[in-house]
Amino acid sequence: MGHIATNKDSLIKRVKRIAGQIQAVERALEADDDCAKTLHLVAATRGAINGLMEEIIADHAREHVANPALSDQARSQGVEELLEAIRRYSK
């Protein structure tokens, strides 16, 4: 996935923010915080993960499916990889 290197810093920043959000959820659970507050933290974390997934899916689609320089076999493999990731994510 060499093409991800162009967005590497941005992706790492997103992952670090998500890690911080997960830690906030953990702290809320440990502190027996209000369930509504905890739900909001979990929802925000899920939204951040969805955004990260969306960005990586878009990069994959552009580079491994829509790239006109790809062979039909490479394009087919890119589609299958994308579909498998989506299947796993949606479970």
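Guide: Contact here means heavy atoms within 4.5 Å, and keep in mind that this is a predicted model. With that cut-off in hand, the buried residues of α2 pack against α1 (8-30) and α3.

Visitor: Which are the buried residues of α2?

Guide: They are Thr 38, Thr 45, Gly 51, Leu 52, Met 53, Glu 55, Asp 59 and His 60.

Visitor: Let's take one of them. What makes Thr 45 buried?

Guide: Its relative accessible area is 4%, and the label applies under 20%, so Thr 45 counts as buried. Leaving aside neighbours within four places in sequence, Thr 45 touches Ile 18, Gln 21, Ile 22 and Val 25.

Visitor: And why is Gly 47 called partly exposed?

Guide: Gly 47 also sits in helix α2, but its relative accessible area is 39%. Buried needs under 20% and exposed needs over 50%, so Gly 47 falls in between and is partly exposed. Its C-alpha atom is 9.5 Å from that of Ile 18, a residue 29 places away along the chain.

Visitor: Now the helix pairs. Why are α1 and α2 called roughly antiparallel?

Guide: Their axes cross at roughly 160° and come within 9 Å. The label is for angles over 145 degrees, so α1 and α2 qualify as roughly antiparallel. The crossing of α1 past α2 is left-handed.

Visitor: What residues of α1 and α2 meet?

Guide: From α1, the list includes Leu 11, Val 15, Ile 18, Ile 22 and Val 25; from α2, it includes Thr 38, Leu 41, Thr 45, Leu 52 and Glu 55. By class, this contact of α1 with α2 has 15 nonpolar, 5 polar and 2 charged residues.

Visitor: What makes α2 and α3 roughly antiparallel?

Guide: Helix α2 (residues 35-64) and helix α3 (residues 72-90) pack at about 165°, their axes 9 Å apart. That angle is over 145 degrees, so this pair is roughly antiparallel as well. Among the residues making the contact are Met 53, Ile 57 and His 60 of α2, along with Gly 78, Leu 82 and Tyr 89 of α3. The class count for α2 with α3 is 10 nonpolar, 4 polar and 2 charged. The crossing of α2 past α3 is left-handed.

Visitor: How do you know that the span of α2 agrees with its 30 residues?

Guide: At 1.5 Å a residue, α2 should span 44 Å. The expected figure uses one less than the number of residues. The C-alpha atoms at the ends of α2 are 42 Å apart, so the two values agree.

How values were computed. Residues are numbered from 1 along each chain as its sequence is written. This is a predicted model: local features need pLDDT of at least 70, side-chain atom pairs count only at pLDDT 80 or more; totals for chains, interfaces and linings use all residues. Side-chain values use heavy atoms; hydrogens and water are left out. Axes are lines fitted to C-alpha atoms, for helices over the stretch in contact, and angles run from 0 to 180 degrees between N-to-C directions. Helices (H or I, at least four residues) and strands (E, at least two) are DSSP runs, numbered from the N terminus. Angles under 35 degrees count as roughly parallel, over 145 as roughly antiparallel, 65 to 115 as roughly perpendicular and the rest as oblique. A crossing is left-handed if the near helix is turned anticlockwise from the far one by less than a right angle, and right-handed if clockwise. Ala, Val, Leu, Ile, Met, Phe, Trp, Tyr, Cys and Pro count as nonpolar, Asp, Glu, Lys and Arg as charged, and the others, Gly among them, as polar. Buried means under 20% relative accessible area, exposed over 50%, partly exposed in between (1.4 Å probe, protein chains only).
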